Amino acid sequence: MVAMLHAPYVIGSYVVTLGGIALYTVGMFARARKAAKRLPDEERPWS
Amino acid sequence: MNLTSSSSSSPSPSPTSTRFTRALGVAALVGIGWLVLFGLFLSPNDRVQKTGVRILYIHVPSAWLAYLAFGVTGLSSAAYLWKRTRNLQWDRVAGASAEVGVLFMGITLVSGSLWGRISWGQFWTWDARLTTTAFLFVTYIGYLAVRDLGGTHQQRAKRSAVMALLAVLEVPLVHFSVKWWRPLHQNETVEKGKLNGLMLFSLFIGLISFTLLYVWLVIHRQRVLALNDQVDDRGLDLALAARREES
Amino acid sequence: MNAWGIARLVAAKDLRVEWRSRVLINQVLPFATLVMVMFAFALDNDQTLTRVAPGLVWLATMFSLLVVVQRSFAVETADGALDALQVAGVRPAGIFLGKSLALLAQLAVLELVLMGAAVVLYRTELHAGGVVLLVTTYVAATTGLAFVGTLYGGLAAGAKGRETLLPLLMLPVVAPVLIGATRATEAALGTEGATPSDGWPWIGLLILFAALFGVGGTMAFGSLIDE
């Protein structure tokens, strides 16, 4: 019974955590693509 | 990170990817899959905390990473300010780490208050650790705002490096003042040694996978910052070239 | 000229500008008093007010500090005065100390008025036994606030959106002063049976705060205002 009561909190915390990280990653990649479009390929020292 | 070279023709979610980051990303993703599997399904309920203990498998790792991230920001800022190691790369690492740290700290605060609601019956207590964490969160949001103030890359780097070191100075002051302010603070509810094998294992998976995730995010983020810096430089070069042609 | 000489000149200049414009007297002091009156509306209970008066005085001081700091650097950036000082080779440490000193003087006036308002509006009573502690608290806390205000004011000066950035940067940093000064003032006033001896440990915190930000500001101010 207690476990059922607390389930929304537990699941909520996992959703917020993983969802937050996922959203951040998507946003970061969008920024990366936007910046990369304005640059030639050779300006990436890591690749 | 010149470990491998990736051809631009290979399908990649981001121009900041290399073979190394892809491998790291897959490892982090697998780790998180395991974390969800063990944390939510395979590990047992705690005798005292019941199912609430499951929040700790993400709360503790994200708190640890948030503090690690701010530590990295402080060290990179010091490395930038020190003349012999001065390099804009340090500044970008500091900025990337602070941003990822803010993300993890936000997660820490949300998951922590959900856990507190179950364990203490309230979302928040004015305990020194909680309050310091909240202040740290706001301080680094301010740090990120300072990074966006504009100016040359060198100005930004110097200004934000000083800010980062001031933030390091602020942390103990806030911590001890809050500690003295409310001396009767809530002790840790989870006593050490009370977690059984599978629970410790879940926590361990959380720590490993979040650390991999942190490294992966920071590598990508600082590369995005490098790209943005190059876009700025290029914009400046183009503007200068255009001006030269006019005259 | 050494840093101290520059500091005296900068402080004198700031206070002269302030005296001619009378922004402190005509705008900041009325604002601070207004905040004190608004607290009374919000709390709506005489006993509660007397109980929390020390904290409210310091909170009102911090809100006013934001206004004063912005004013102090608006004067500098409006016509590029800060840049001119830099170009003229004036040492940043001197500018920092001078502006802190001017801020300290203005805050001292402000706090006297706020304390007076607390006595009148919140029925705060001053005791002879707590006067030494009270004065020490005010000196230590105000010095810390002046250093932090100058440091972060200089950082935000000249930046777009500084009006909104300054509170975000400064309020978390001055939180220890709010806590320490409030507790020490409560001890000095005897709020809820506190005695002056309860207040002295907090003075240590306030002095440490002022010293850290004084030294940090003197060293870092140059790189912060470097444009």
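Predicted model: local features only at pLDDT ≥ 70, side-chain atom pairs only at ≥ 80, totals over all residues.
Residues are numbered from 1 along each chain as its sequence is written, and chains are lettered from A and ligands numbered from 1 in the order in which they are written.

Q: What pattern does chain B follow along the sequence?
A: Helices (H or I, at least four residues) and strands (E, at least two) are DSSP runs, numbered from the N terminus. Chain B has 6 helices and 0 strands. Read along the sequence, the pattern is α-α-α-α-α-α.

Q: Is C:D79 buried or exposed?
A: C:D79 sits in the loop between α3 (46–78) and α4 (81–87) of chain C. A residue is buried if 20 or more other C-beta atoms, placed from the backbone, lie within 10 Å of its own, exposed if 12 or fewer, and partly exposed in between. Because C:D79 has 9 other C-beta atoms within 10 Å, C:D79 is exposed.

Q: Which helix gives the largest share of the side of chain C that touches chain B?
A: Two residues are in contact if their C-beta atoms, placed from the backbone, lie within 7 Å. The contact takes 22 residues from chain C and 21 residues from chain B. On the side of chain C, α7 (162–189) and α8 (196–225) each supply at least two residues. The largest share, 10 residues, comes from α7(C).
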